[in-house]
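Welcome! Take a moment to look it over before reading on.

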Amino acid sequence: VRHLHFPTTLTMLSSAFRACSRALASSAQMGLNTARVACASSLTRQPFRAAELPVQSRHMATVSTPQAFAIVEVSGKQYKVLPTDYMMVEKIPNAVGETVIIENVLLLGSRADTLVGKPFVEGAQVTAVVEEKTRADKVIVFKKRRRKHYRRRTAHRQNVTGLRVVSIDVPDSFEV
């Protein structure tokens, strides 16, 4: 007989079931049916918490087109941005508080219109402010060759820059 061991999954499920049984018992005493909805959401909820964005800085967004979004290229990677968005990009040389103008806009979109660049959209740019320079979460690199007594563990933290999008400037031919 093979026994499967899932301690974290069972722990999460058992805590969710306990919470549901408590909610059902308390709602039964009060004569309510709202506990069934709470139980369904707690059992289907993911076992992790969503990451919170940093608090907005003193740089308020002067948005030129609040309904538009853009896909920009920064340091060889593509990001979808909206006005007032916060994005973590790989390290760029600008200092904290400086304004960065990103002219590598690959696509502009809104409910009314979409502009696709070839490769970039002419006359479009995204203005952002450098809010912080920090390091990303630690990534653990673990190498192992089974039965060979070979194990190597190294870790790496990438330098990143936090940018707050101030505005998306679009060409005149673009409908918002």
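Glu131 counts as buried, because its relative accessibility is 18% and buried means under 20%. Please keep in mind as you explore that this is a predicted model.

Glu131 has a charged partner: Arg164 forms a salt bridge with Glu131, and their closest N and O atoms are 3.2 Å apart. The pair links distant parts of the chain, with Arg164 in strand E10 (residues 159-169) and Glu131 in strand E7, 33 residues apart. Arg164 is buried too, because its relative accessibility is 5%.

E10 is mostly covered, with nine of its 11 residues buried.

Which strands pair with E10? E7 does, in the antiparallel sense, over 10 bridges. In this pairing, Asn159 of E10 is the bridge partner of Arg135. E3 also runs antiparallel to E10, and five bridges join the two. Here you can find Val89 standing opposite Thr161 in E10.

## A second salt bridge

The count of salt bridges in this model comes to two. Besides the pair described above, the side chains of Lys77 and Glu90 meet in a salt bridge, at 2.8 Å from N to O. This pair also links distant parts of the chain: Lys77 lies in strand E2 (residues 77-81) and Glu90 in strand E3 (residues 86-90), 13 residues apart.

## A hairpin of two strands

Now turn to strand E8 (residues 139-145) and strand E9 (residues 150-156), which run antiparallel and are joined by seven bridges. The hairpin they make has four residues between the strands, and Arg147 takes a positive phi near 65° there. Within the pairing, Phe142 stands opposite Arg153 in E9.

## A positive patch

Together with Arg135, Lys138 and Arg157, Arg153 forms a positive surface patch.

How accessible is Arg135? Its relative accessibility is 44%, so Arg135 counts as partly exposed.

Definitions and conventions: Residues are numbered from 1 along each chain as its sequence is written. This is a predicted model: local features need pLDDT of at least 70, side-chain atom pairs count only at pLDDT 80 or more; totals for chains, interfaces and linings use all residues. Side-chain values use heavy atoms; hydrogens and water are left out. Patches are made of residues with over 30% relative accessible area and no salt bridge: like charges are joined within 9 Å, nonpolar side chains (Val, Leu, Ile, Met, Phe, Trp, Tyr) within 5 Å. Accessible areas come from the Shrake-Rupley method with a 1.4 Å probe; for residues, only the protein chains shown count as cover. A salt bridge is a side-chain nitrogen of Lys or Arg within 4 Å of a carboxyl oxygen of Asp or Glu. Lys and Arg count as positive and Asp and Glu as negative; His and the chain ends are not counted. The place of a charge is taken as NZ of Lys, CZ of Arg, CG of Asp or CD of Glu. Buried means under 20% relative accessible area, exposed over 50%, partly exposed in between (1.4 Å probe, protein chains only). Two strands pair if DSSP finds at least two bridges between them.
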